[in-house]
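Here is a short report on a protein model. Look at the sequence and structure first, then read on.

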Amino acid sequence: MNLKKVLTPDAVWIDLKADSKQEIIELMVDRLVAAGKVQDRDTVLTAVLEREAKMSTGMQNGVAIPHGKTDAVQSLVVAVGICKTGVKFDSMDGSPCTLFIMTLSPVKRSGPHIQFLAEISRLISQPAEREKLLAAKTSGEMYEILIRK
Amino acid sequence: MQDVQLAATSAIHHAGEAASHAAESSGHSITHMMMHLILQLAVIIICAKIGGYLFQRFLKMPSVLGELASGMLIGPYALGGMINIPNLGLLFAEQQGFAASAELYGIATLASIILLFLAGLETDLAAFLRYSIVGSFVGLGGLIAAFAFGDLCAVYWPGNGIDSFMDPAALFLGVISVATSVGITARILAEKRKMASPEGVTILAGAVFDDVFGIVTLAIVMGMAKVSMSGGVVNWGEIGLIAAKAIGFFVVVTSLGLIFARKITAAIKKFKSTEIIVAICFGLSLLLAGLAEMAGLAMIIGAYIMGLALSRTDLAHEIEHHLEGVYNILVPIFFCVMGMMVDFSVMKPVLAFGAVYSILAIFSKVVGCGLPAYLMKFNMRGSLRIGLGMLPRGEVALIVAGIGLASGIIDQGIFGVSIMMTVITTMLAPPLLVKSFDGGSGLRKEMDDMGGEIETIEMEFPSRDITEFLVNRFVRALQNEEFFVHHLHTDKPTYRVLKDDIAFTLMQDGKKLIINVPNANQHVARMMLLEELLSLTDLLESTKQMKNVDEMGSDLMSGMFA
């Protein structure tokens, strides 16, 4: 799957700034609202935070995958963001997270959700690709790296 | 050899005529005949089941081989021909050159229809369409090679009276060596945890193609053999016509079946009783089997198509489940009867031919399936594994050989040769396949970097029940995400999970849940399993809100003897 199918340039941000898990998730949801991809901000936010409360989605090597299932979205919504200063995210290896991949999908209906996760995890599991993403200077440049394959 | 052919051709007719004549002439005779049949069935069922068990338990071989061996042992050419029952005569006697009476052969035919109906029902048509490229090349390669070598082996073998590629007997020897019986391979792949490996995925996809193409090839060959048997000359124009008719029948009936399956099942469902629904579906498969035979094809083709058509409806699982009991009793009868037909005295002159035919059957699948695999993305090791995985022949080869014998197209010698090939390939495949999986990756170097290495995710839970519960939930979650989840008939509950280029296996081994997944897909498997684990935690949390269990218990007890 080409990430281009689900990822649009207005949902790739290089300039996220936040100090906590709550803040970064709120910021990403707000930006999705601003991009017109999410209407019901509060429901979406609750879904993501509820999932986060069960177990942190902070993985290793500074990657976090906050996500939620909610009928406030009609189809898969994805966003990728970088917060260069790092955010404490209760991640598995204890290190702060810098790369955030957010997915929102409807509760019942399945879609390209799994292919998206498969594709993006394949990309960011390669250290060289992660470095490239973090070194990107603009959101446009980062988007290009993401959709290149 | 031709004499034997003629004798075999008329055997069924004679036996049928004899039956009706006997029934007409005296009321006692039919009771007498049925008594004989019932005693035969009793011996067959008991011996076949015990034979199957012994082979599986002590020789670690598929039970089919044990059932075949029991048949050889109790058949008219061995013990059966020596046991004399008072007032009935021999337990199993040869009747006009045919080892089974018409009524016994009728039951075996019914078993073969059930077998193919269920095979069609279990076909993963969606995966078949999705994995068509790799699967079709591997399946088609094996089919062409096996057919050509099987047919040519008969043509070039001196002194058997077969001298043309188009000779019906040669065509049958070709088609007998085509159908792979992937059940044995699937079991080994599951045991070796290699089902999710690129080789495993390719073998299983190839086998589906092999089944479908095999049935179409059989349809064409049956058509050609019938023209040729009735004295007609089969020229290329005719072959084209027969092939078009066979493929047309397959495609049209399967498409109609798939299109209307849901409507038909919706109509049948109005009966509201699963037993009635399942019985009607089985009746429909018999109907299509009969129609296929009327159209000049074979009955099993119709049965397979009906199964295929129903495989995508929600009834598939119910039908499988309900027919399981019938299958377990009738299908061993079929294999046992096939074993009974092996006449050892006519086998001696054809032993050398049988050995060469069997070697070619091995060679043709290894090369025919291995070569396309090698040309795509596998190295020599991987291609060999795929070739060996497609090696075992089984049920379909036996059914086709049975049809050939009953219709007089092949004689008992060639029938014995077919059984010999089936037994040899089935026995050789497991050890060779296990050995071939020693060593490294089967992918070419450049492909291997793309994450072909298999990773094992293992989790142990406090009890089997919890593991089973989680496996079932995980399967449902995967289905909701539009994965194809295919349940494999192995000792331990094993599922093959597919979606686009994601493939992995899920297995329950006692308290353990085991996932074998190529490195490239491991993230997805892990993430989805994590979500299920979390939902299990939610569920456990919610049970705490339940009323105190002691209290609920005493509520129940208090009403008991009030």
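A:Lys21 and A:Glu52 join their side chains in a salt bridge, at 3.3 Å from N to O. A salt bridge here is a side-chain nitrogen of Lys or Arg within 4 Å of a carboxyl oxygen of Asp or Glu. The two residues come from distant parts of the chain, 31 residues apart: A:Lys21 sits in helix α1 (residues 21–34) of chain A and A:Glu52 in helix α2 of chain A. Helices (H or I, at least four residues) and strands (E, at least two) are DSSP runs, numbered from the N terminus. Both A:Lys21 and A:Glu52 are buried. Buried means under 20% relative accessible area, exposed means over 50%, and partly exposed lies in between (1.4 Å probe, protein chains only).

## How to read the model

This is a predicted model: local features need pLDDT of at least 70, side-chain atom pairs count only at pLDDT 80 or more, and totals for chains, interfaces and linings use all residues. Residues are numbered from 1 along each chain as its sequence is written, chains are lettered from A and ligands numbered from 1 in the order in which they are written, and side-chain values use heavy atoms, with hydrogens and water left out.

Side chains of opposite charge can pair when their charged atoms come close. Over all chains, the structure holds 16 salt bridges.

One of them joins the side chains of B:Glu199 and B:Arg385, at 2.7 Å from N to O. B:Glu199 lies in helix α9 (residues 198–229) of chain B and B:Arg385 in helix α16 (residues 380–389) of chain B, so this pair ties together parts 186 residues apart in sequence. B:Glu199 is buried, at 3% relative accessibility. B:Arg385 is buried as well, with a relative accessible area of 3%.

Another salt bridge links B:Arg526 and B:Glu455, with their closest N and O atoms 2.6 Å apart. Again, distant parts of the chain are linked: B:Arg526 is in helix α21 (residues 522–544) of chain B, B:Glu455 is in strand β3 (residues 454–460) of chain B, and they are 71 residues apart. B:Arg526 is partly exposed, with a relative accessible area of 39%.

Chain B has three parts: domain 1 (2–90), domain 2 (102–436) and domain 3 (453–544). These bounds come from an automatic or database domain assignment. Taken over C-alpha atoms, the centres of domain 2 of chain B and domain 3 of chain B are 32 Å apart.

B:Gln412 belongs to helix α18 (residues 412–436) of chain B. B:Gln412 is buried, at 6% relative accessible area.

## Where the chains meet

B:Glu531 and A:Arg51 meet through their side chains in a salt bridge (3.0 Å, N to O).
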